[in-house]
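Time to look a few things up and jot down what turns up.

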Amino acid sequence: MVRVRYAPSPTGSPHVGNIRTALFNFLLARKEGGKFIVRIEDTDRARAVEGALEDILESLRWLGIEWDEGPEVGGPHAPYFQSERLSTYREIADDLIAKGKAYRCFCTPEELEKMREYQRINKLPTGYNRRCRERDPSEAESLIAAGTPFVVRLAMPLDGKIAFSDSIRGRVEYDAALIDDQVLLKADGWPTYHLANVVDDHREEITHVIRGEEWISSTPKHIVLYDALGWTPPIFVHVPVIKGPDGSKLSKRHGDTRCLDYREKGYLGAAVANYIALIGWSPGGDREVMSLEEMQDAFSLHGLQPSPGVFDITKLQWMNGVHLRNLSPDELYDSVKAFHETSQDEEYIKKPCHRSFLKGLQDREYATRALVLEQERVKLLSDFCEACEFFFVNEVSIDPDAAAKWFGQPHAKSLYEFLLSELSGRNAISVEDCDALIGKAVQQLGLEKRAQAIHPTRVALTGKTFGPGLFELMSLLGSSRMSARLNRAIELTGPR
RNA sequence: GCCCCGGUCGUCUAGCGGUUAGGACAUCGCCCUUUCACGGCGAAGGUCGCGGGUUCGAAUCCCGUCCGGGGUACCA
């Protein structure tokens with residue numbers, strides 16, 4: 001059975017590149033009917049960040065990634081926090097020392113720094129000089145007895161090659177002599193990533209390690225560790241990094257890179273998942289727009305690519321629009337409402353429409369119809385606020401250019417007056433009725449084209465020159481709202 | 001410096017020895033149309049990083065080279 005894991009370190013809110021590896025793991029598990037495990041690698045106490053764990057879980061949930069074992073859900077290998085399993089790592093480190101596969105190192109950080117500086121200056125390969133590896137056992141005993149702090153290092157082979165197979169890249173080979181005697185246990189008794197990761201992957205019976213490319217060069221250390229412990233290594237899959245527009249690894253200086261930033265901006269989890277999956281993975285052929293379920297069915301390790309990809313926000317926006325249009329009216333309403341109520345995005349919150357929108361959203365039926373009318377012309381959930389504003393406010397703000405162009409038309413005032421009189425006493429009005437009404441106005445005023453009535457009416461009712469079909473919007477607005485706006489428009493057209 | 005991994009239109013990619021190198025986003029036209037979008041059609045954009053081989057034939061295999069990225073921590 002396939003067992004894969006996402007093993008983040010709670011040192012910050014996960015960014016899109018990081019969460020994408022979680023997605024790949026999840027997709028493989030679902031495709032193969034296996035298990036997806038979340039394990040928190042909280043072994044770096046100095047870099048721990050408050051709230052990071054919540055953001056990790058929230059990011060996964062937002063994208064629709066569910067875990068079979070891990071925080072909150074537990075599982076047969078609980079606890080899924082490395083900080084709660086410290087004794088295991090220490091026991092294994094001791095075992096490794098006893099077998100001669102690891103050794104205690106008493107070198108201080110200062111000494112190591114000096115050594116590295118010497119190596120740099122003399123253009124030698126950097127790395128630990130293995131001074132403590134040859135230390136006399138009795139000498140080590142007395143240092144321990146004296147309370148001298150030490151770390152535990154892995155005793156790497158001194159020669160030969162270390163090779164492994166990567167699902168994406170094939171055979172990868174390293175010269176053992178060039179690889180450092182990695183620290184396994186820090187002086188404070190906590191394990192490093194390398195030890196804890198290998199131990200847990202084995203303990204949790206992980207079959208495929210799908211992780212970022214930045215780990216490829218530490219894989220030979222892991223191979224040696226597996227070997228020293230007498231364990232069979234999993235299958236390694238190193239996925240390429242995601243780059244910013246400048247070609248370097250995506251990071252904070254490229255702007256929004258936190259996964260949850262995109263939720264704040266009005267993107268759909270399904271769209272973000274779809275988009276990031278396509279950087280470095282292809283289902284083959286021309287398929288692009290896919291739901292999470294479709295990706296699960298289509299996923300294969302063979303579709304993974306070795307080369308890094310650039311994050312293209314423009315394409316994400318397009319894709320978000322596509323996913324937005326696929327939403328049913330109810331889903332649309334729920335998504336917009338949830339977004340509006342939770343987004344803390346400053347740019348969004350300070351929009352003038354922000355307040356009226358919340359009020360407008362209270363009338364579910366009316367609001368849903370308004371959202372549906374705008375559904376095919378927006379890209380983000382955050383776009384609805386402005387796009388639908390005219391449906392909800394008492395007084396629409398009128399674009400000055402539009403006013404100048406259409407209120408000044410000679411027939412504008414009489415058009416509005418005619419519509420107003422036709423509307424008086426009416427209550428509900430259908431789309432067909434609105435169509436007929438405009439037709440009647442055209443005839444009554446002797447206009448040549450329907451557009452001559454349509455455009456000025458649109459500006460009077462919405463304040464804008466663009467938007468949904470006029471008859472649909474009129475029907476939804478209803479006669480009383482229309483009447484108020486027509487009255488105001490008549491005032492604005494001034495004396496005849 | 002040393003080690004490793006990459007390299008197909010601006011971007012994401014299909015391709016797995018024989019294709020007019022296909023698709024998508026973005027760009028530009030046209031159509032649809034009451035506007036804006038959506039949708040449809042079309043255009044432009046690639047000497048498959050470069051140079052050598054292997055082969056009847058190479059984007060696909062091999063070597064070299066250049067460029068890019070990653071690693072080189074008591075961080076993950």
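This is a predicted model: local features need pLDDT of at least 70, side-chain atom pairs count only at pLDDT 80 or more; totals for chains, interfaces and linings use all residues.

I started with the surface near RNA strand B, where "near" means that a heavy atom of the residue lies within 4 Å of the strand. Its residues split into 22 nonpolar, 17 polar and 20 charged. For that tally, Ala, Val, Leu, Ile, Met, Phe, Trp, Tyr, Cys and Pro count as nonpolar, Asp, Glu, Lys and Arg as charged, and the others, Gly among them, as polar.

Residues are numbered from 1 along each chain as its sequence is written, chains are lettered from A and ligands numbered from 1 in the order written, and side-chain values use heavy atoms, leaving out hydrogens and water.

Sugar and phosphate make up 72% of the RNA strand B atoms that come within 4 Å of the protein.

Which helix or strand gives the most to this surface? I found α11, with 4 residues. Helices (H or I, at least four residues) and strands (E, at least two) are DSSP runs, numbered from the N terminus.

Then I looked for polar contacts, pairs of N or O atoms within 3.5 Å. A backbone N or O atom of Y193 sits 3.2 Å from a phosphate oxygen of RNA strand B. In R458, a side-chain N or O atom is 3.1 Å from a base nitrogen of RNA strand B.

Technical notes: A polar contact is a pair of N or O atoms within 3.5 Å; within protein, one must be able to donate a hydrogen and the other to accept it, and residues adjacent in sequence count only if both atoms are side-chain atoms.
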